[in-house]
Amino acid sequence: MTPDSLGQVVDVDGRVLAGGIVVDVDLVGVQKTLNPVLKAKALDNRLPVPILGDPHAERVMRRLDPGYDKGRFRASQLGLAAVVRAKALDDWARDFLADHRDAVVLNLGCGLDARVYRIDPPVTVEWYDLDFPSVIDLRRQHLPPREHCTLIGSDVTDLAWLEQVPRGRPVLVVAEGLVPYLTEDDVRRLLTSVVDAFPTGRMLFDTVSVSAWRGSRWDPIGRMYNAVFRCGFDDPAALASWHPLLEYVDEAPMNDSPVLMDRAPATIRRIYRLLNLIPSFRRSSRILRFRF
Ligand SMILES: C[S@@+](CC[C@H](N)C(=O)[O-])C[C@H]1O[C@@H](n2cnc3c(N)ncnc32)[C@H](O)[C@@H]1O
């Protein structure tokens, strides 16, 4: 039992001990998918020149799983494409917040991602991190509180949470690794409700292709977490047709991104180069930007 850098007392598994009682949180199903993404960000931070460079990810990952990088394949950087996605979303978010210092940010399906600390928005921005209640409990244990950053524990598809958010201001929606786990109907309701609720905004999120969606039921990681994809799009720009005010802006590269080919260790670069020869792999995940 030792005090960690937040001054909390943790046990050997990194669980917070409060008044002698272990405050543990059991994540189920799709909630567990936050783990591989966090691990990828933690490992990225140890590259000679990281892509994202997130010390929070490394610290939190060590607390959750002290041996996360020990053993034969545990330090593999194969998940670096997820880090490329986080970096692209951060860069777009910074661009938007530079021009909209009064914005409301909705970081949906936040997991244990430390975007608000990485971006460090001005105090004029109201930031909301949303995920299932048990994930938010875990977040409270592992990431420090921050003024103008509110945690919402809710299923994102239960749109009552939108009532907690101030309207009348520009909105930035960031949903990293979330949309594929929702049904198409739920994604549609979510996007159109946000457009209806705010005067203007940007929406940044990633989608998977139809074949990645259909194939996910055979994916060993998805099966291990009991979390399969529930929607996929081969032409995600067409989502703009869901609302007359919604416009597709552009997309950022992921599996074949230049920064991945530049910074990933040589073995990982070779694996991605080979996989990218398969068009259905190269375009299996898309990072998208919409505005309204
Ligand atoms: C792949 S993880 C990504 C986590 C985080 N965005 C990141 O990039 O590190 C997907 C996250 O979406 C959350 N999620 C999935 N479905 C959700 C729902 N219906 N409501 C709220 N959160 C959801 C999960 O709990 C999980 O934290």
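How many Å apart do the C-alpha centres of domain 1 and domain 2 lie? In this predicted model, the C-alpha centres of the two domains are separated by 20 Å, and the contact between them takes 27 residues from domain 1 and 28 residues from domain 2. Domain 1 covers residues 2-64 and domain 2 covers residues 80-291, and because both of them give residues to the shell around the ligand, the ligand lies between the two.

**Overall shape**

- The protein chain contains 11 helices and 11 strands, and its radius of gyration of 19 Å is close to the 19 Å that the globule rule gives for 292 residues, so the chain is as compact as a globular protein of that length.
- Taken along the principal axes, the C-alpha atoms of the protein chain fill a box of roughly 55 × 45 × 35 Å.
- Of the 292 residues in the protein chain, 38% are buried.
- Among contacts in the protein chain with a separation of 6 or more, 70% come from residues 24 or more positions apart.

**The side of domain 1 that touches domain 2**

- Helices α1 (residues 34-44) and α2 (residues 55-64) each supply at least two residues of the side of domain 1 that touches domain 2, and the largest share of this side, 7 residues, comes from α1.
- Sorted by class, this side of domain 1 consists of 17 nonpolar, 4 polar and 6 charged residues.
- Helix α2 is mostly covered, with 7 of its 10 residues buried; among them are His56, Glu58 and Arg63, as well as Val60 and Leu64.
- Gly53 sits in the loop between α1 and α2, and it counts as partly exposed because 15 other C-beta atoms lie within 10 Å.

**Around the ligand**

- The ligand is surrounded by 20 residues, of which the closest are Gly109, Gly111, Asp113, Val156 and Gly177.
- By class, the residues of this shell divide into 10 nonpolar, 6 polar and 4 charged.
- Helix α1, which spans residues 34-44, gives the largest share of the shell, namely 3 residues, and α1 also gives the largest share of the side of domain 1 that touches domain 2.

**The nonpolar core**

- In soluble globular proteins, nonpolar side chains tend to be buried together.
- Here the largest nonpolar core has 72 residues, and those with the most contacts inside it are Val105 and Val173.
- Helix α3 (residues 80-99) provides the largest share of this core, 11 residues, while domain 1 and domain 2 each contribute at least three residues to the core.
- Leaving aside neighbours within four places in sequence, Val105 is in contact with Pro121, Val125, Trp127, Tyr128, Leu172 and Val174.

- Apart from neighbours within four places in sequence, the residues in contact with Asp90 are Arg115, Arg118 and Ile119.
- Asp90 and Leu204 are 114 residues apart along the chain, and their C-alpha atoms are separated by 9.6 Å.

Methods:
Residues numbered from 1 in each chain as written. Predicted model: local features only at pLDDT ≥ 70, side-chain atom pairs only at ≥ 80, totals over all residues. Near = placed C-beta within 6 Å. Helix = DSSP H or I, 4+ residues; strand = E, 2+ residues; numbered from the N terminus. Nonpolar A, V, L, I, M, F, W, Y, C, P; charged D, E, K, R; others polar. Domains from an automatic or database assignment. Contact = placed C-beta atoms within 7 Å. Buried ≥ 20, exposed ≤ 12 C-beta atoms within 10 Å, placed from the backbone. Core = buried A, V, L, I, M, F, W, Y, C linked by C-beta atoms within 7 Å. Rg over C-alpha atoms; globule rule 2.2 N^0.38 Å.
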